Structure formats: structure tokens, C-alpha cells
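Could you walk me through this structure in my viewer, one selection at a time? I would like to know what to pick next and what is there.

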There are 2 protein chains.
Amino acid sequence: MTKYVYDFSEGNKDMKGLLGGKGANLAEMTNMGLPVPPGFTITTEGCLEYLDAGGFPPGLMDEVDDHLRALEDSMGKKLGDPTDPLLVSVRSGAKFSMPGMMDTVLNLGLNDESVMGLAQQSGDDVRFARDAYRRFIQMFGKIVMDVPGEAFEEALDEAKHAKGPKTQDTDLDAEDLSALIDRFLQIYQEHTGETFPQNPRRQLELSIVAVFRSWNGKRARDYRRQNKIADDLGTAVNVVAMVFGNRGDDSGTGVAFTRDPSTGEKVPYGDYLPNAQGEDVVAGIRNTLPLRELEQLDPTSYGRLIQVMDTLESHYRDMCDIEFTIEKGKLWILQTRIGKRTALAEWVMAYDMLGEKLIDEDTALLRVNADRLEELFKRRVKADGAAPIARGLNASPGAATGAVVFSADDAEARAKENGDKVILVRRETTPDDYHGMIASQGILTSAGGTNSHAAVVARGEGIPAVCGADQIKIDLGSRSFSANGTTVKEGDTITIDGFTGNVFVGELPLEESVLEKARAGDAQAREERIWKAFERLMTIADDRRRLRVRANADTPDQSANARARGAEGIGLCRTEHMFLGEERVDAVRQMIFAETEAEEEAAYGRLLPLQKGDFIGIFEAMDGLPVTVRLLDPPLHEFLPDLATLSVEVALGEERGDDVTEKERELAKVRQLHETNPMLGLRGVRLGILKPGLYAMQVRAIVEAACEAKAAGGDPKVEIMIPLVATAPELRQMRDELEPVANEIQARESVSLEHLEWGTMIELPRAAVTASEIAGAADFFSFGTNDLTQTAFGFSRDDIGKFVGLYEERKLVPANPFVTIDVAGVGRLMRIASDEGRGANAELHIGICGEHGGDPASVAFCHEIGLDYVSCSPFRVETARLAAGQAAVGEYASASA
Amino acid sequence: MTKYVYDFSEGNKDMKGLLGGKGANLAEMTNMGLPVPPGFTITTEGCLEYLDAGGFPPGLMDEVDDHLRALEDSMGKKLGDPTDPLLVSVRSGAKFSMPGMMDTVLNLGLNDESVMGLAQQSGDDVRFARDAYRRFIQMFGKIVMDVPGEAFEEALDEAKHAKGPKTQDTDLDAEDLSALIDRFLQIYQEHTGETFPQNPRRQLELSIVAVFRSWNGKRARDYRRQNKIADDLGTAVNVVAMVFGNRGDDSGTGVAFTRDPSTGEKVPYGDYLPNAQGEDVVAGIRNTLPLRELEQLDPTSYGRLIQVMDTLESHYRDMCDIEFTIEKGKLWILQTRIGKRTALAEWVMAYDMLGEKLIDEDTALLRVNADRLEELFKRRVKADGAAPIARGLNASPGAATGAVVFSADDAEARAKENGDKVILVRRETTPDDYHGMIASQGILTSAGGTNSHAAVVARGEGIPAVCGADQIKIDLGSRSFSANGTTVKEGDTITIDGFTGNVFVGELPLEESVLEKARAGDAQAREERIWKAFERLMTIADDRRRLRVRANADTPDQSANARARGAEGIGLCRTEHMFLGEERVDAVRQMIFAETEAEEEAAYGRLLPLQKGDFIGIFEAMDGLPVTVRLLDPPLHEFLPDLATLSVEVALGEERGDDVTEKERELAKVRQLHETNPMLGLRGVRLGILKPGLYAMQVRAIVEAACEAKAAGGDPKVEIMIPLVATAPELRQMRDELEPVANEIQARESVSLEHLEWGTMIELPRAAVTASEIAGAADFFSFGTNDLTQTAFGFSRDDIGKFVGLYEERKLVPANPFVTIDVAGVGRLMRIASDEGRGANAELHIGICGEHGGDPASVAFCHEIGLDYVSCSPFRVETARLAAGQAAVGEYASASA
């Protein structure tokens, strides 16, 4: 026969599935000999069977009665006894902590009679007993029977009001409470249509049912969906003998952490509230005292508590979070669990515990959260209560302050010429704005999501950004924007917080991060524990990981930055930016407008030396490490003005009688190049095939630069990547065209590049499922998971802003697929491509260069499917190194919880 | 030891792989006892080994010598004999007929000496012998040694010119030819740097090498790529004793077909040229005679030929194409193969041969080409030499003539009000033009490819169309277009030919097809053989096929049309058109501009009765058969004006001081709804989720219509399809919302619909690879292969016009993937979805509703992966039925070869 009820002495901490987290830890502590009030746990199995059958499974309540009797025996009291009643608390407790469920009912067992027994047993403290009873009616009514909480609150307020202004709860005397109890019983009856149950056994049964049912409550279901907790776990119910922290000044209740959860420091930390029950701490009715003051108030209990904390930490080998109550000088431990902590504390604690030999290296590595590492490097706004004027999406972490500018050109001009710090404010950004974006301290957009151009570039460049702040209305006419009634003019200073999405008027103080200072060489910062922790754990991660980590870097500066952060090469050097900039725009226009091959070749001739220079710098910065250069990917119309804007200009010009010949020519070209769906249009390898001179020019620039670097004693490792390949012949024919170009240059320069590879992005579903064919023409694959996600889902990153929020909220997508690889769909395509690509070409090396390369969960997936490397933005290199180490250790710690 | 050479008596027709098509058929005929000149075949294996090693494999030339000696013995002549030389022809012949390869060298064995022996043996016909020699030098030089053909042609022309104007080849006498031979030998030496080989054995060896090498010639390689012929087949070489058709009036040469290849009629058909060699027929120097005239010229040979033809047809059980030569009254058969024929002849012959019991039903079914069936229903232009003014893509077959109009509204107005026949001429079309397109006789666009909106709609509606005729410049200002110097005004009559892409000025006569007349009930047409053939073979196809065939039909008319063509339901009823039209446009705008739910609901309220009416008509037309209705798919901005156009209107209005308030409001909405990549934007199920009232209204209209149809005694079978699903929760949540709507109506109307299913399109790669999840929420899947191809390849159908031509030409894609399913990529995704969807839900039924559903190769693939049905445009229903029957018979006859 199934056993549905376990005494605390029968369980242990590893039985969380059956007993829930709370029950398992109470059992563990009981068996450790810690002062836990006696009690028992009804299993999650009991819950599931109840929910399934719509009633208690046979035997369950009999077991409860047996355990209740045992509890009565051990306490020497009986539930409902009019002279000396046993009181119990009923607490839910699932495998994972779940705020959505029924929480706790205290003082169960009280009724119109036993309340007097409690008074007697408390030294005739009638006030205490009646207060306990009114609390019980309130809690039971609200939590078990769904009576609106306000009904009780209002009655309580009325009672206090009747005694005069400023009356506190504690000012109500026994008489007042007697009247209040009557009122509460009345309220209970009004809302439930029943009298308040006087039978304690009935009270208990109803409470157990309420806990069981709360598992399927809407809030609980939502919480589970949100946190990816399975629906078939059920909750346990803990029935625990009551202890009272509100029995005078020698009583109290508190929460304690074995270490400081915000700094990680190894000091006891917590709050204490004398003469109170736990709910008072939660309700925040009175101010709590810092835990250390308990040492003065009750040194004995404090000493015992410290001892319990030490015991628990040694036992659990992690920082514990403890709820305790002192009843008339006796310490009781009501709950413990692994404590939550800040990102900073995570690192410090893991490092310290490693030093204390409390945990081993692997464990220390898994204790930190790779998702939160980047935050530790960023500046923060010290808002100190300042009110934001708008709030958008926290698109790129960090804080920035500067003068408002409304165009990329202004941003660049003010930053370069005047050395001003500027915040670029735009509706949204385009590739044309790049030069202004990188000149800015921060970026603020009123449209676009966390995967808009602005957000992606900002994260890539490590620039703080707030995006999609839609309360902001930009009026370019008056060079200003307004938000919720505040108008901000060009040149005015604002501060943005990329952690919260907040936008403030004026300059708020910013706090530099210790890690960033330490990395920059600040000697004092390097003495700090967080830096030492960082260095130690990263060393462990590097030692464990199998994945290499490269960076997505497009310039020599970015390359150097990436290398400083531990990048082992460049996985994606985008060449788009090499077609932008004042000195190049003319040549690019010449290339686009060319009507003869000669004109086009002349344009390439102008671009070649400039781009060659770019590559030389990159090869120098990454000397000895592989550099994957992606040939031009975006459609050519991205280098021309927008169709609607230009159409208006031409129409207005004509209307006004201006000479619009030149503009009309431009418009004709824009129309010709215009695409309905540019994402699926003439770009990538298609461009390379249609304009063979273009890729040949790029290959020439790359290979000439590499030859020059090598001749100068360097060790350039070149990997040339063809984007957007859908079919094997595309790649094969491009190689057939481009390899001779590379060979010819090496022959001419008498240089032989040892490492010159040719490969492709796998960023289209067709490429993924025909990878075995494509692999025959490739030295390497690099997953372009941004585009692969776009095409697999049919989601345009530029357009999903309108629905992706609702989609995430309603769990229509498994997380945001542009942040974390969608394992079931995109991931499956990657696995097919990786397995079959390698099957066809054993020499093939495979990496990923989409935004996902810096996302810890995605890194774990890349590890799992056996990729050779991940490539991510320079600012994510440490995150990826850490995540790769953690993945190798075999488990991805998604949260330090 | 490998045998490299086969005597004709050693092979048979099934040895095409080893002996090539020509050699295998020559062997077959030899063994049938037909009068084939003796000879032998060098195998394709010999060719491959030669190409591999760069020289003859050991033993090959020894075998050739042995067979040559045997040939000499059987002919009683010796190669190079100065008194009685054996002459041979050397002919290439691969497994498949390949125009790119070396063809034929005749008269091999002649040299300065043996030419006199030939003269002697020909009754001292010196002229004949010298003519044979000069032909040999010319052919050998040109074909074997790459001497430019013009060099010989010019010398020949000079020789004729010297004799006076109008001199024919035959006017050159023996003396002239002697001089010409000297000149030819000189030309040979000039171009090759060698003297002409006098040794016949050397001539033969060089010729064999030339044939072998021609396998890897550029033209041959291109041809193979174009026609998907493997590169590792090699070619055989046939060495055949020469016979001469140019030995006087009792000699001649010809080509004969056992039945008329253009009508299919069972009559001997062909051409005959007296006193000539085969090359003269090919060169077209003299006009050939109809074959039947041979009966008068040489009744004995004619009789023998008819006998041979009968024998061959009985033997091959198909129409044979024969090359023959008569040498001094003796008939020789030089080659035979299965003859090519027109689409019409294919059907007539298959039907006749079935009647003659020459072939069985399965064979008859496989003899016709499903790809060409649709043509047989279309009208044709009788151009009679009229010159087209422009040429575009043959986007939709058939011919049309009518008055030029430049807008959809004009088309509709003139067609409806005046009953005019119009041709809609536009740069390209959009969904807004639909009403005008269906009112037109034909459609002509100057931009867009064979998969542009115009082309797709035209094919779907069976309207002839020429698209992308880019010589046409439309000038809307003057209501005219010009093309290559001709200007055509609005109202002028033009004729377009959707078979050829030609555009003509004026009305050209059009020829109605017999099949179309017969289907319309024309008694005379129904007596014609083609109609009987059609009926008989379609009955066989229907009997054999396992796939059901449905139609894509959006209106009652289309549904009735589809049903008349044998459709077994509707696989895709698009509802887009139900949001267009004068009476609806207001309600749709109200829906889009709604600022409150009430406004939106009011708009739905106006649309509901109209759409319900549409569905009633469709259910009536398809009574008893399943109708799959797709809920609204396109993005809402498709119902509003284009951004650039509207931007210009607003800017100009402002400039002119007009009141643009309303337009500005519209522009704001257009901007808000504007998408960078609408294909990947807010459409399909995403729209359904964001605007739940929209789908609910559609479901209400569908279910109310079905209930009404059922109440009226009908049998509506309803399948509701949610488009663009990427994840299982999308479908599940939509069903959770919509099923109650359907249930409520049935309850209210007291009608229970027996067949009411809910399913989804599988048109995104993610949906395909997660089909097992989605199948749990679906009653059916329907592959949307248009979108699946777009997303798998990352090809926007609207935009690929710029590169798809080059892609097809360079074989960068396996055929046009929008026409024929790309088996390796898209097909693999379909297979995964089909297998895993059925694995998860055994009740799931699966079809396809993309354009591919009417493409025979794609139908065969759908059969292969076990789909339940294909759905295609009504005009393709017979094609699909036929292709499905053919697929079931086990083999897809891609061409009747």
C-alpha cells in the first residue's frame, strides 16, 4: 500500500520530489538533531492522486490521523483540547519553490473553546490567545476559503479606528479582540455561506484540500509555465506543531543567511523581529532589526543560531537561508533552503567556499550564473530615487549619460570634434547609423525590440541601450523628444540604464564596476575578492571546456578587445562596415550604379586598398589565431536611401520645379533594387554569384593583407566564409571562382599561406538538411543561427516586435528563439547539419557565429552537439568561456537557486 | 579480360549502358534479321578507361583490329584497298541521345589511292568517288581534328563561284572535285600542321579517340548538366560498313516514323531524298520528298521498308523513328529509336496501341506526359508568320486577344459593363488587382517572373499570361505602352501567346482545343480520337492512383469547375478574396483602423454575413466532398495602399495646401503596419492570435454556412486550416479559442456536423521538424510548399526574379524549386513531417496545397512519401490525376523520349 504521510524523522533532503523542498529539508534538519518543531509531511503523490480522483485516495486521511495522534503524543497536547490545545501550521511545499501556491495557515486548531485553553496555557494571556484566533480565522478564511482579504483588513482598521487615531494592532486589548473575532466569524459566514468550522479535524482537512487544489490554481499554473516547471509534480503538505514568536520580549522570529547574500561575505546576515510571528516579518508591519542585534537581546539564542547556521552550511555545502522562531528563549528552526544571492555574491561565495575546501572546483564552477556575468562588468546608474521619464526594453546592459543627438552624423561630429559624450536617440537605427552608434555613449530608440538593429549592434559593441521606449515621441522638426509630459531638447543631458530600461533626465552618477577597473589594470581593484574569484573560476572554466571561444569582431580595435577577453580567434568578421564611411561611399555608389564592367572594376579598384588596410589591422590583432571573414552579405539597396523617403523627395522636387535628374536616377536604381522581402532576396552568395567581381575584390583584399602580414613575420590564419548558401553548387562554383584569385596572389607575392580555408554559413534550413552535400565543398561550417532562426520560424527579426512579446508571454515560443537556440526546431536542424556534414567530411570544423554564441544555454547546446567553437560578441567572450566550462562539467546551472 | 568490342550480332537493345543507344538498337535489329550493314561497337567502358588513363586500355585496339578483319571478311573488301576499298562510318552513341557530342564521320577508309578503287567499284563513277573523298576530308578535318568548318565551306563556295553563279554542289564535275580535294588537303594541313592521314587504320584510330574525347567536351558536359545525365556513363563508338544513298536515282536516304509523330495517326510518315547521303537531309540543301512518294519511285524498297517498320513497331511496341538508305535498290536500316512525338500524338498513339493490344493499360498510361496535358486544353494562336512586338515569359499557357487596359478597375468595368474582351497590361500585379485579372482574357506584365503574383494567379485561374516582357515600357500618363518602337494605346487590340511568351499587335485568329470543346459537350469533338484517348487513359489513371486529388478553389464557380474536372474536394480555399470587393472594403478598413474592440467587432459583424454567403456557395458546389478552408493568411497591410505611393501623396498634398488629415491618418496606419519582410511578419496564425475576433468571425461564417447547408439537406464536410504555424502551442491555443465558437453555433442551430476537422499548414521548416508535437493538436496537415520552399531556401518568390534565371541556367538549384519540389531539401522536410506527424497521430491525414500539387514530378514525390491527397489549381486537376496514376504504376514517365 502506498505510504502517503512521512514523519519528519522518516525523510531526508534528497526526497524533494516526494516531500517537496520544505518537507525534505525539515526532515533533514530533524535527523541532524536540529531544533525543528515536530510534524509530518503529506506527499506530492497524495496530492496528485487527490487531483486525479477529485477526492482523497483511500487511506490517506487515516495516515494523517495516525501521524496527528503521534504528534499529539509527542507534544502532550491534543488538537482542539479546550484546556491545552495542540496548534499546528499547515504549509504547502512543492519540489521547486512556487510563489503561486497556497502558502501557510498558522494557529490551526483554535476554535471558540480552545482559544481559552491556549490563554490558560499561556499564563492567562487572553489577549495573545484571542489575537492568535483572529489571525487564524483571517488566514483560514482568506487562504483556504477564498474570502477576500480586504474584508478582514477593513474590519481590523475599523476596530483600530474606533479606539482613536494612530492605534496599532498591538494596542487592541482582549476585549477589542473578542469583538473583532465575532466580526471576523461574521465576515467568514457572509462570504462562505457557512459557519466557521469549529472542529479542528475539519479545519485540517479543508486546509489540506486547499493546498492540494492550489497546485492547479491559475497563478501556480502560470508560474510553472513561466519557469518551465512540469505540471505533474504536485505539492506536498507540511503539518507542523506551532511555536510562537509573539509570546513576549523573550520571543521573536527572523530570517537568517549563513553569508551575506548581497556581497557574498562570510558573515551571518538577516533580520529579527522581537515578539512577532513570521507573517509580521513578511507583512512589513514593523521594522525588523539587523540579525546581529539579537546577540545583545538574547545572546544564548543567538549563539545557538550561529551554531545551527554553521552546521547547516557544512552540511549543505552552500549558503543557507533559514527561518527561525524563538519562543520564550527557545530557538526553533522552521525552514531552510539554499539561499538566493546577487551575481556578485555568487562569485565571491563560490571562490571562498573553494578556498575553504567546502566545495571542489567543478562545484564552484557550477555555482556561478553565466547569464549574469556580463552585468558584473557594466557601469550602473545610482538612481537614488530619481524618477525615470520613460521606460523601454533593457536591450544592452550598462549605464550611460550624455547629450541628446538625433542623427548618427551629429553623434559622430560631436563626439569626434568636441569630444562630447552623446546619447543617440532615434526611432530605430539602420546600418547607415553605425558610425554614429559607435561614437555614442548609449543608444535610445522608441521602436524596435531586443533584437532590433539598435539592440544587436549595441550588445555587439558593448554600448548600453534602451530600445522600444514607446512613450518617447521624437519630433525631428523641433529637434526634441517628449515623454510623459517632459520635453527633452537636442543637447540636453539624459541618462539611460540598460539594466532596467529606465530613461532619466539629467546626469545621474554612474558607478564603474570593479571587474572592469581590474581588467583595465587598476591595482586596488585587482586586490578585491571579486576579481580574484573571477580569475580563479575562469581558469577552471578554461581548463574544463572543450569548446573554443572566438569573437565576432569587424575591426582591429574590436579584435584586440576580444583577444584581451580570451577570444581564441575571430569566428565572424563582417565586412559590411568596410563598404561604409565617407571615403568609401563614393566608390560603393560607383559600384552599384556601374553600367559597364569597366566602371564596376574601377569601383572595386578604389575599394581594394582601403579594405586591404582593414584586414591588415585585423590580422595583426589576431596574429596566430584563426580569422573567419564573411564576404559581403546584405543586399545592395542597404547602401542606398529608403524608397519612400526618396520617392517623396523626387515628387516634392518636381512639384517645386527643382532639377531632380540625379535624384530620379537614384530613385530608378532604388526601385530596381527594391525588394519585397530583402531578408530572402538578392544577398549573400547570390550577390557573389551575380557580381563575381565583388567577392573577387574582397578575396584579393583579404589574401593580399594576409600575404603582407606573413611577409612581415606574422602568422595570419585565414578562413573565408561564403554567406547564405542554400545549395552545394553555390559554394562549389564560388570556390571555383575565388580560389584561383587567392592562389594567384600567393604566387605573385611568393607567399604561401598555411592556413587558408574556405567554408560557408549554415543559416538556411535547406543548407542544414543538405549539409552532407555542402560539406563536400567546405573546409568549415559556421551556423548563422540568427538567419536560421528567422527562416526556420518564418520570423523576421525586424518585424516580430509586434507579436513576440505576446508570444513569449503566452508561451507560444520556447523562450525568445533569437536569444536562446530553439532546441526542438533550429537545434534539430543544427544537429542534422553537424552530424551529416561531419559524416561526409571528417575534416570539417564547425562553429556558430550567431548572437546565440554568447548565450549560456545555447553554448551548452553547442557543446552537446559537439561543435568545435562558439563565436560571440567581444563582450560575451568570458560568458561563453564560462558557459563552455560549465557545459563540459556536465550540467548547465541555469540559476544559482 | 574485359571485352571492349561487340559485333552487332553479339548485342541487344537492353545493352544501352554498355553499347550506347545506337549500338544496342543496331545489334537488336541485326539479330532480328533486319538489313543492317555489318559493323561493331566499342563499349562505353572502353571510353571511360581511355579517358581515365589518357590512352587506350590494353587490348582495346587489338580487339578493334580483330573485328575489323571480320568485317572485311564478311564484306569481301579491305580497308584502304586501292582497288576495292572497304569504307566505314564512325558514329558516337551514348546511353542517352546527346547532341553535344561528336556525331558521325562517313566514308572513312578513303585516301588518295583508294578513292580510285571506289570509282572503279562504282562503275567508274569518278565523280561519285571524288565527291565521297572530299566529303570525308571535310568531315574528318572538322569533326575529328577541329579544323574550322568555314574554311572548307569557303573553298567549296569558291569552286562553285568559279564555275559561274547558281552552280550547285552537284554541278561540280570530277575535274572540279579533284582540284577541290587538293585545296581541302591543303586546308587540312594549314590548320593541323600535319598532312592528311593516308593510312585508314590511323584514320580510324584518330576518329575513335575523337569520339571518346567528345564525351568530355564543353557542350557535352553542359548538355549533361542541363539534362541531369551522369558524367560517368561514357560513350560507345559504332564502326559500320558504309552504304551509299548517292549512287544514282535507284539510291537515296530517308527518315521514317512508324506513325505520324504530330497527329499520332497510324500511317507511315517520313521524308525521302533520292540520290543523297544522310548528311544532305540534315543539311537541308535539297528539299526532301514525303515518304509516300517512295512508293512510286521504288515500290519494292518501299514495300520492304513498310515491312521493316511493322516488324520494328511490333517488336518495340512503340512508334519507331528509323534512318534508312537505299543503295542501288537495296534497303539498309542505319538506325532506329523510339520516336519523339507531340503531346497530341502521345495520347492518340497510346490509345490506339492499347486498342491494338500492342501495349497493356499500365504501359499506355505511362506513355503520356502529364507535364504536357494542360496544353491540350488551351487555345492556340495561329500566328502564320506574324511578328511579335515583344516576348516575355510563358507564364500561363493559352492564347488570348483583347483590348488593352491598364488597371484592374478598367478591366472589370469594360468586361462587365460592355462585355469587352480585355487584356490587362501592368508592370506587375498585386492582390488588389484580382477582380480585374479574373475579368480579363489575358494578362501581360513587364516585370516579374514565372512565379510572380500575376503568373501564379493566372495559372490558378487558367488565364493565359505573358510575364516579365521587359521590352514593354508602360507610360500611364499617355495610357499607352511601347515595345521595340511600336506604341500601343489603351483600347488597342493585342494578342498574347502564353505558350511562347509572344505578344502581337492586333487580333490574331485563335484555335479552340478539341478537348475543351469536347468537355463543353460538343458532340463532334467528342467523336475525335483525342477525346476518346483522354477519357480512356484518365479512367485507367483514376483506377490506379492511390492519391486523392483536390483543388485549390476560392469561389463557388471555381469549385464547380474543379469538380467537373474530377476534383475530390477542396484542399485549399483561400479566404483573402473574401476581404476584397467594393461592399467589403469599408468593413475591412473599419477592422484595420478600429481603436476599440467594439469598433472591431462591428466590422466583423458587417463581414460575417457576406463571407457566410461565400461559404454556402462553396459547400453547395462541393457537397459531399471535403472543403479545407484556410483562415486569413496575408498581413493586413496588403489591404492598404503602398507606403511609398501614399508618402508621396501626403507630401504633395501638404505642399499644395490640400487637406491631408485623412490621408495622414492612413499613412500613420500604413507605417505602423509596414514590415521589412512581410513574408516573415505578422500574418497567418500570428494575426489570428493578435486579433482573435478575426478568426472567430471566419469560423462563425464557415460553421453557420455549413449548418445551413446541412439543414437544407446537404452534406458539408468542413476542414478548418490555420496557416503559418511554427509551434504546437500556436495551433493548440487557436483550437482552444475557436472550437467553442464552432460548438456553440452547432448547439444553437441544433445541427451536428459529422465532418468538422481542425488542422494546419506545414509551411515553415520549424513546423516540419517539430511535426510530432504539432500533430498532437491537428486532425490534418497540409503542406504549403510555396512558403516552405521560400523559407527553406531563403528565397522570396517576389524577389528571386533578379537571380533565379541565372540560378537555373548554372544549375545552382535543382530545377526551379517553386515549380518542382526540391526533393533533397524541401522534400526531406516534408518526409520528416509526414513520417513523424503520423508517428505521433495515426489518424492524421496529410495533403499538399502548394502550387506543386499540380506538378507531375512533385505529385510523384507526394505519392512516394505516402500523402493522402494533392490539391492543385482547378486547371491542373486532370494533370494531377494522371500523374498520381502514373506514380502508382510505379514509374514517372518524365518524357516520352
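## Stop 1: a hairpin in chain A

Start by selecting strand 20 (residues 472-475) and strand 21 (residues 480-483) of chain A: these two run antiparallel and are joined by 4 bridges. Strands here are DSSP runs of E with at least two residues, helices are runs of H or I with at least four residues, and both are numbered from the N terminus. Two strands count as paired if DSSP finds at least two bridges between them.

Before going on, two notes on the model. It is predicted, so local features need pLDDT of at least 70 and side-chain atom pairs count only at pLDDT 80 or more, while totals for chains, interfaces and linings use all residues. Residues are numbered from 1 along each chain as its sequence is written, chains are lettered from A and ligands numbered from 1 in the order in which they are written, and side-chain values use heavy atoms, with hydrogens and water left out.

Now show I472(A), which stands opposite A483(A) in strand 21 of chain A. The two strands form a hairpin with 4 residues between them. In that turn, look for R479(A), which has a positive phi of about 50°.

## Stop 2

Strand 20 of chain B is joined to strand 21 (residues 480-483) of chain B by 4 bridges, and D475(B) has S480(B) as its bridge partner in strand 21 of chain B.

## Stop 2: an eight-stranded sheet

Stay in chain B for an open sheet of 8 strands with mixed pairing, in the order 14-24-23-16-17-18-19-15. Which strands are at the edges? They are strand 14 (390-391) and strand 15 (393-396) of chain B, each pairing on one side only.

Inside the sheet, pick strand 16 (residues 399-405) and strand 23 (residues 493-497) of chain B, which pair in the antiparallel sense over 5 bridges. G402(B) has I494(B) as its bridge partner in strand 23 of chain B.

## Stop 3: buried places in chain A

Back in chain A, select strand 30 (residues 756-762): 7 of its 7 residues are buried, that is, under 20% relative accessible area, with exposed over 50% and partly exposed in between (1.4 Å probe, protein chains only). Strand 29 (residues 717-722) of chain A runs parallel to strand 30 of chain A and is joined to it by 5 bridges. I722(A) stands opposite T760(A) in strand 30 of chain A.

Next, centre on V239(A) in strand 7 (residues 235-241) of chain A. V239(A) counts as buried because its relative accessibility is 0%. Leaving out residues up to four places away in sequence, V239(A) touches residues including F8(A), F40(A) and L204(A), where contact means heavy atoms within 4.5 Å.

Then try M830(A), which is among the residues with the most contacts inside the largest nonpolar core, a set of 290 residues. Such a core joins buried Ala, Val, Leu, Ile, Met, Phe, Trp, Tyr and Cys residues through side-chain atoms within 4.5 Å. Beyond its neighbours within four places in sequence, M830(A) is in contact with residues including F783(A), I848(A) and F861(A).

## Stop 4: both chains together

Select the contact: 60 residues from chain B and 60 residues from chain A take part. The area buried between them is about 5,200 Å², with carbon and sulfur atoms giving 57%; this is the accessible area (1.4 Å probe) that two parts lose on being put together, summed over both. End on L680(B), R766(B) and K802(B), which supply 12% of the area that chain B buries against chain A, more than any other three residues.
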